[in-house]
Amino acid sequence: MSDLPRTVPSRRPGPLRVAGFVVLLVGVSWALGAFAAWPWAATGLGDARLRISLRHVTGFSAGARLLSAEEIAALPAHMRPRDASVPTTGRRADAVLTVTIDGRPALARTYRPTGLRRDGPVYGYEELDVAPGRHVVSVTLAEAGGGRAWPLDRTIEFRPGRAPLVEFAAGVGWRPE
Amino acid sequence: MFQPDPALVLGAAPPPARERPHRRPLHAAGVLHQWVEVAVSRLVSSPLNPLYHTGTIAVFSLAVATVTGVYLFLFYRVGTTAAHQSIEGIMAQPLGIGALMRSLHRYASDAAILAAVLHGLKMLLGDRFWGPRWISWVTGIALVSLVWITGATGYWLVWDAQALVLSLTTARFLDVTPFFTEPIVQTFVRNDTIQNFLFFVVLFIHITIPLLIGAMYWLHVMRLARARFFPPRVVLWVTGVALVVASLLRPALSGPAADPAVLPGVVPVDWFYFPYFPLTRLSPRTGWALVGAAGALVLALPWLLRGREPGRATVESAACTGCTRCYKDCPYDAIVMVPRADGERYRTEAVVNPARCVGCGICVGACDSAGILLGGQHARVLVGALTSRVVAARDAQERAGAGAARPVLVFACRLMPHLEGRLGPDGTLAGVPGATVVGLPCVGMLHPELIERALAAGARGVYIAGCVPEDCQAREGSELLAQRLSGSRLPKLKRVAPGCVRLDWYSPVEVRRFLRDLRAFQGALP
């Protein structure tokens, strides 16, 4: 930069400064390595957890009706119901999930059907912290308003660090272990 | 942060502090940040100070991540089991090549986001984020976000315990929005519910986002002339070596393969990308509120914390000779040359785009015909005021007799607010008799002829305290002035006795070093 050293001083760093730079960058590289894999306890080491997953299509609770032959004919072919005697539109019932562990209530939650008209499936996912050990888990999925209910009683061994899954699938019910 | 109006500075009173109350914390944090930079500079020298090269280090690190990413892509396989196995296969490649490439990929990504965040912090605390610079600020925030998305998807692709934590926390975060009918979190209840297609989608995002980063980077630097992509060669090489050292000292390892039936327990987390993990214990709605508020605040900063509008440059058409020096020197591409339509003998004239002008005055220092006004002030006003200031100082010296201190004219830019308590009403500097200080928006505003005139008017010396060139508030002002003074750039300094003009560089907080150097300069004057 400098042709007139007394006007514009040289800025060329000396060897000590370059060495300082190398030391600094090596320190930064160590920090990169350290903080790129610093441990964090996402869950406690002795924790156990019950996971419940739901996918269910509840029955119609209101506004259910059969499509007329004219309405079916007006629909594109791929949208026509396979069985015209089954209602395909209307407000579906809410689903109620209740969970007890060793007879003690652990969860009671109501899920609304999806969709603007509430005519879609019900989805739910829950996680419950459970003390490690063997527990009797009772789970009931019921349709609100006195509809069908699907109870499940299962004895589950909750080992530390494990998260067993209880899963309800539409048309299948509670999946076996 | 502080852009003195030349006319005011040369007037009867020193420049008043113009920081509005809500900007004072910013100023205080800026001072703290400058001291950190000074400390690092004293260790490694300013040209090598990585805090002055954070933007280019981020770009270089992204380039390293891209190159190593192409290598990893050749061996990566999709699928809940295949993905983790393929990464382990890469790590087991002979001669440690795969481990080195994978570790470089990770650490370069870490260095990229760290450098990008530090760069943004520097721009914020250095007051370079509002006015015409708002585009760079907003696109910079977008760039950091895109780099984060690329990095986070990269971590997901490994499909280890950390990836599972990332999946579940992200899924819960997204599931409270009304856009997803089926909860995303249910995708991750079992490994066999996760389709390979999801891996393809994430891999596609991981690979295509860098293309968006390229486009965003173009927007980020579109208002900069001579934008630099990579750091100076020494910084580039040492940064690259540091990444290799990190990769060899601590090869990047995967956690155990993700299994949704196993609680993650203690997982190694990349805190450069996931510093928010502890906050994921809050409800997702709280998370959205925090993200929304923080995002809106950061994006609105250029308007919430904008400072005093600088006086922008305008060109006096009648004086413009179309020499293009101002056009070439403007660091913000704020000047264009347009054909003249007034029948003058010059074919083109310079026109300033006020939307891009930051008011640094570098164009004033480049103009031989004094045809550029800054903030409506004509350059000739500056010349006249300077001359009278020097004459007054010389007269005072003559009155004081032979023992009086030599009159020295001092030009300073970002040092000015830190000199406030020491400046007299006529620019005199407490502790340095004979010195009279003139504040400029940037020392790059100094035309060499101004120096020659000051010396001709009776100043024994001219001392210029510019910003550290790597940290110039106007990007290139210090560097351009150095080139003008050393004769490698027009307009050149000429007809001055050796030793009576000195340019040196200071961080704005280095007042004591400046005073010490100024006294030494004054004492050594011929």
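The model is predicted. In it, 47 residues of chain A are in contact with 52 residues of chain B. Chain B is divided into three domains, namely domain 1 (46–304), domain 2 (313–374) and domain 3 (386–523). Chain A is divided into domain 1 (1–38) and domain 2 (48–62 + 89–174).

**Chain B overall**

- Chain B holds 17 helices and 11 strands.
- The C-alpha trace of chain B spans about 95 × 55 × 45 Å along its principal axes.
- Chain B has 526 residues, and 44% of them are buried.
- Take the contacts in chain B between residues at least 6 apart in sequence: 78% of these join residues at least 24 apart.

**Domains 2 and 3 of chain B**

- The centres of domain 2 of chain B and domain 3 of chain B, taken over C-alpha atoms, are 26 Å apart.
- Contact between them involves 12 residues of domain 2 of chain B and 15 residues of domain 3 of chain B.
- On the domain 2 side, the elements giving two or more residues are helix H11 (325–329) and helix H12 (362–366) of chain B.
- H12(B) supplies the largest share of that side, with 4 residues.
- By residue class, the domain 2 side has 6 nonpolar, 3 polar and 3 charged residues.

- The chain A side of the contact with chain B draws two or more residues from each of helix H1 (15–35), strand E1 (38–41), strand E2 (48–56), strand E7 (122–130) and strand E10 (165–169) of chain A.
- H1(A) gives the most to this side, with 14 residues.
- The chain A side divides into 28 nonpolar, 10 polar and 9 charged residues.
- Strand pairing also crosses between the chains: E1(A) runs antiparallel to strand E1 (residues 266–269) of chain B, and 4 bridges join them.
- Within that pairing, Trp40(A) has Val267(B) of E1(B) as its bridge partner.

**Two helices of chain B**

- Helix H5 (residues 97–125) of chain B has 29 residues. From first C-alpha to last, H5(B) reaches 41 Å, close to the 42 Å expected at 1.5 Å a residue.
- In H5(B), 22 of the 29 residues are buried, so the helix is largely enclosed by the rest of the structure.
- Helix H6 (residues 134–158) of chain B has 25 residues. H6(B) reaches 37 Å from its first C-alpha to its last, close to the 36 Å expected at 1.5 Å a residue.
- Trp159(B) follows H6(B) and has a positive phi, near 50°.

**Chain A: domains and confidence**

- The centres of domain 1 of chain A and domain 2 of chain A, taken over C-alpha atoms, are 61 Å apart.
- Chain A has a mean pLDDT of 89, and 97% of its residues reach 70 or more.
- Among the elements of chain A, strand E5 (residues 95–101) has the highest mean pLDDT (97), while strand E3 (residues 60–65) has the lowest (81).
- Residues 1–5 of chain A have pLDDT below 50. Beyond near neighbours in sequence, this stretch has 13 contacts in the model.
- Where pLDDT is low, predicted coordinates should not be read in detail.

Technical notes: Residues are numbered from 1 along each chain as its sequence is written. Chains are lettered from A and ligands numbered from 1 in the order in which they are written. This is a predicted model: local features need pLDDT of at least 70, side-chain atom pairs count only at pLDDT 80 or more; totals for chains, interfaces and linings use all residues. Domain bounds come from an automatic or database domain assignment. Two residues are in contact if their C-beta atoms, placed from the backbone, lie within 7 Å. Ala, Val, Leu, Ile, Met, Phe, Trp, Tyr, Cys and Pro count as nonpolar, Asp, Glu, Lys and Arg as charged, and the others, Gly among them, as polar. The expected span of a helix is 1.5 Å times one less than its number of residues. Two strands pair if DSSP finds at least two bridges between them. A residue is buried if 20 or more other C-beta atoms lie within 10 Å of its own, exposed if 12 or fewer, and partly exposed in between; C-beta atoms are placed from the backbone. pLDDT is the predictor's confidence in each residue, from 0 to 100.
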